[in-house]
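Hi there,

Here is the structure I promised to pass on to you. Have a look at it first, and then read my notes on its charged side chains below.

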Amino acid sequence: MISQEGRRYAERLETKLVEFCRLLRDAKLSVTPSETIDAVRAVGQAGFSDEQVFHDALRICVVKRSEDFETFEKEFRSYWQSGRKRAITADWASKGRRSRRRRADESRRASLEKGVATRAVSGSSSGGTNETRRAALGVFSPLERTQRKSFDGLGTKEVPSVRRALKRMTRRLATNRGRRSIASRGGRIDLGRTFRSALGRGELLTVERENRIVSRIRLVVLCDISGSMDGHSDRLVKILHQSANRIPASKVFVFSTRLSEIGDHLKGRSLRSAASEVSRNVEIWSSGTRIGSALERLLDGYSRYLGSHTVLLIISDGWELGELDLLTDRMREVRRRVSKVVWVNPLADSPGFEPAAAGMKAALPNIDFLGGLDIFTRPREFERVFGKAIGPGPAWGAGRTTNRQGRSGAQLLPSAKPGSFDLNPTIRLASLLCEQDDS
Amino acid sequence: MGERRAAVPSLERLAQLIEKRGYVGDPEIVTAVYLSLTLGKPLLVEGEPGCGKTELAKVVSDVRSAELIRLQCYEGLDARSTIYEWDYLKQLLKIRMEEARAQSNEIETEVFGERFLLKRPLLRAVLAKGPNPPLLLIDEIDRADEEFEGLLLEFLGEFQVTVPEIGTFKAERRPIVMITSNRTRELGDGLRRRCLYLYLTYPSAEKELEIVKRKVPGIGDKLARQIVEVMEKLRKDDSMVKKPGIQETLDWSAALLALGRKDLDRVSLMETAGCVAKSAEDLMWLRGGVWDELLLETNS
């Protein structure tokens with residue numbers, strides 16, 4: 001039987017736990033009501049008399065990535081150990097009712113006005129880069145100018161060819177065949193389906209086949225918007241907008257001295273509206289170029305986007321202001337993680353271009369394809385050159401080969417040759433299987 | 001079936017049971033296991049390779065007297081290899097044999113019976129009998145792909161499997177589920193949310209010394225200390241492509257003990273470098289001067 005006082009204490013503890021989870025959410029840890037419930041239950045089970053156990057129990061339930069441990073420690077110490085309680089402002093109550101996007105917009109705007117980057121603490125690994133730490137303090141490096149760009153009068157002329165080029169590139173690069181199979185006309189014999197169809201007829205008449213699926217590629221775009229790329233910003237915005245909206249599962253980043261993810265500003269918006277969002281929220285145009293540290297930030301904070309089915313598209317002229325060693329090293333690391341690295345350099349449009357810029361040279365060994373911005377305006381030519389550089393793609397007939405009704409063609413079992421013994425179907429199937437294994 | 005299964009021991013008792021089986025770790029490990037058992041949520045154990053993730057599952061299955069059902073993950077894992085598959089060859093043979101005798105629908109019923117069903121780990125976890133629920137270990141899930149994560153999430157929600165020809169199997173009680181990952185890729189949010197999270201990394205020097213003394217009995221104190229010191233230094237240095245884990249420490253200790261060494265000297269280091277370095281580059285790096293440096297530092 002729990003005493004009156006005990007019950008009140010339990011309620012207070014529960015309230016504090018819920019408040020603590022809200023604080024973690026504000027600190028950009030993803031804590032849903034589900035985790036909050038787990039936390040309350042866990043504390044109920046494990047007890048709260050031992051501080052170490054209490055701390056561990058909370059962390060085990062609420063933190064789902066080791067990268068978030070540091071943030072959790074900070075908040076835990078500040079909330080449970082410093083003796084001070086942060087006031088729950090009325091703001092929180094009203095925030096819950098607003099839509100997610102508007103909330104994100106507002107908080108971004110609010111912090112932009114205060115001059116502190118909102119991305120400072122999100123997804124940062126232990127320590128974070130110097131830039132993110134400084135940005136969190138509201139201090140900017142001398143090389144960085146906060147400059148916004150306006151896109152009034154942005155035409156839509158090049159948009160269709162940009163879209164075509166992007167689609168062709170991603171389709172062409174999807175050459176990885178996974179281990180999953182799908183019904184198809186050519187390929188290995190699919191015993192399961194052969195069998196199932198045979199049982200329906202009582203006789204093995206047809207052989208069903210399967211082929212391995214060509215997996216789709218994810219696109220990550222890393223676009224340089226520093227001073228040297230100024231002249232191309234219109235075209236860049238179109239490329240970024242098409243990437244975000246037309247290529248499924250794509251992620252779009254811009255960088256100059258800092259890295260910024262802009263997918264949210266672009267997705268689901270028209271070109272004009274996306275351009276105005278970008279001009280409102282991105283303030284690092286025309287600064288210096290730090291490709292190396294952008295790559296480092298990408299690897300540290302967004303490594304979940306870089307996988308073996310990802311293509312990294314870097315758009316930059318290669319005029320690196322940061323350390324070349326960092327650039328070389330990070331390029332090597334990034335190339336190790338993703339399937340292909342495609343580099344688009346506006347300077348490559350001019351005839352007689354050679355990758356002479358120091359940053360370009362340093363990155364070259366880890367690039368699979370280097371082209372100019374013009375690939376986005378001449379998609380057919382691009383595809384030809386690209387195809388030659390990347391190599392042969394999957395053979396025709398790979399992937400889905402169903403007819404309009406959605407049924408795949410089953411192949412009749414080759415019947416016994418005339419004049420030979422009448423081999424029954426089972427044995428014919430077995431011999432087909434053996435042939436397949438031999439080839 | 002009316003048999004009472006063992007109740008979850010208290011936190012302190014669980015710590016003792018785990019420690020008794022030779023698993024030396026931080027207190028948060030015990031808390032994580034305890035919460036996984038009491039809250040009934042799967043435990044996701046992430047961390048560097050060779051740091052005792054799979055070992056933890058074995059110890060927990062022992063402590064709970066639970067049958068350990070292990071699913072080793074790789075890319076392209078699908079329902080056929082994880083849940084069930086029909087034993088086609090057996091079925092083919094059966095059909096051939098029965099062709100002359102029986103009607104086709106009789107054959108069909110027989111041939112799609114449980115006898116011809118190959119039960120893979122997930123189905124076995126659902127069908128496990130006995131007083132205690134089994135422990136389902138899903139090892140190295142980072143080697144499988146996102147599609148498998150989706151499949152697994154569905155499974156973890158219901159613990160039931162439907163085989164169209166037979167029916168639905170539902171687990172009598174929830175298995176204990178432990179999932180390990182070597183962090184070679186990011187796992188999806190859906191899976192992370194479903195699980196409690198534990199991160200295992202290299203132990204401190206004192207802890208590792210304790211582990212060595214427990215697992216390699218007979219090793220001299222001086223040698224053990226030297227080994228642990230060298231390992232700590234090697235891990236701090238980022239030059240190695242494959243950093244050695246606890247398993248490598250134990251292998252190395254056992255090797256040196258078997259060779260009868262009481263002390264780390266140049267000869268033993270050269271001979272046993274293969275226990276510590278697991279790639280050609282690392283081996284060359286170790287043999288090319290680093291060993292000598294470490295030796296000087298350790299013996300000073």
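Which side chain does Arg193(B) meet in a salt bridge? The partner is Glu35(A), at 3.0 Å from N to O. Please keep in mind that this is a predicted model. The pair crosses between chains: Arg193(B) belongs to helix α9 (residues 189-194) of chain B, and Glu35(A) to helix α2 (residues 33-46) of chain A. Glu35(A) is buried, with a relative accessible area of 0%, whereas Arg193(B) counts as partly exposed at 25%.

In chain B, Asp62(B) and Arg21(B) form a salt bridge at 2.9 Å, N to O. Asp62(B) sits in helix α3 (residues 53-63) and Arg21(B) in the loop between α1 (11-20) and α2 (27-39), so this pair ties together parts that are 41 residues apart in sequence.

Glu172(B) and Lys129(B) make another one, at 3.8 Å, N to O. Both lie in loops of chain B, and their pairing ties together parts 43 residues apart in sequence. Glu172(B) is partly exposed at 47%, while Lys129(B) is exposed at 61%.

There is also a network of salt bridges that links Glu67(A), Glu46(B), Arg183(B) and Arg192(B).

Finally, take a look at the surface: Lys167(A), Arg171(A), Arg216(A) and Arg246(A) gather there in a patch of positive charge. Arg171(A), in helix α8 (residues 159-173) of chain A, counts as exposed, at 61% relative accessibility.

Happy exploring!

Technical notes:
Residues are numbered from 1 along each chain as its sequence is written. Chains are lettered from A and ligands numbered from 1 in the order in which they are written. This is a predicted model: local features need pLDDT of at least 70, side-chain atom pairs count only at pLDDT 80 or more; totals for chains, interfaces and linings use all residues. Side-chain values use heavy atoms; hydrogens and water are left out. Patches are made of residues with over 30% relative accessible area and no salt bridge: like charges are joined within 9 Å, nonpolar side chains (Val, Leu, Ile, Met, Phe, Trp, Tyr) within 5 Å. Accessible areas come from the Shrake-Rupley method with a 1.4 Å probe; for residues, only the protein chains shown count as cover. A salt bridge is a side-chain nitrogen of Lys or Arg within 4 Å of a carboxyl oxygen of Asp or Glu. Lys and Arg count as positive and Asp and Glu as negative; His and the chain ends are not counted. The place of a charge is taken as NZ of Lys, CZ of Arg, CG of Asp or CD of Glu. Helices (H or I, at least four residues) and strands (E, at least two) are DSSP runs, numbered from the N terminus. Buried means under 20% relative accessible area, exposed over 50%, partly exposed in between (1.4 Å probe, protein chains only).
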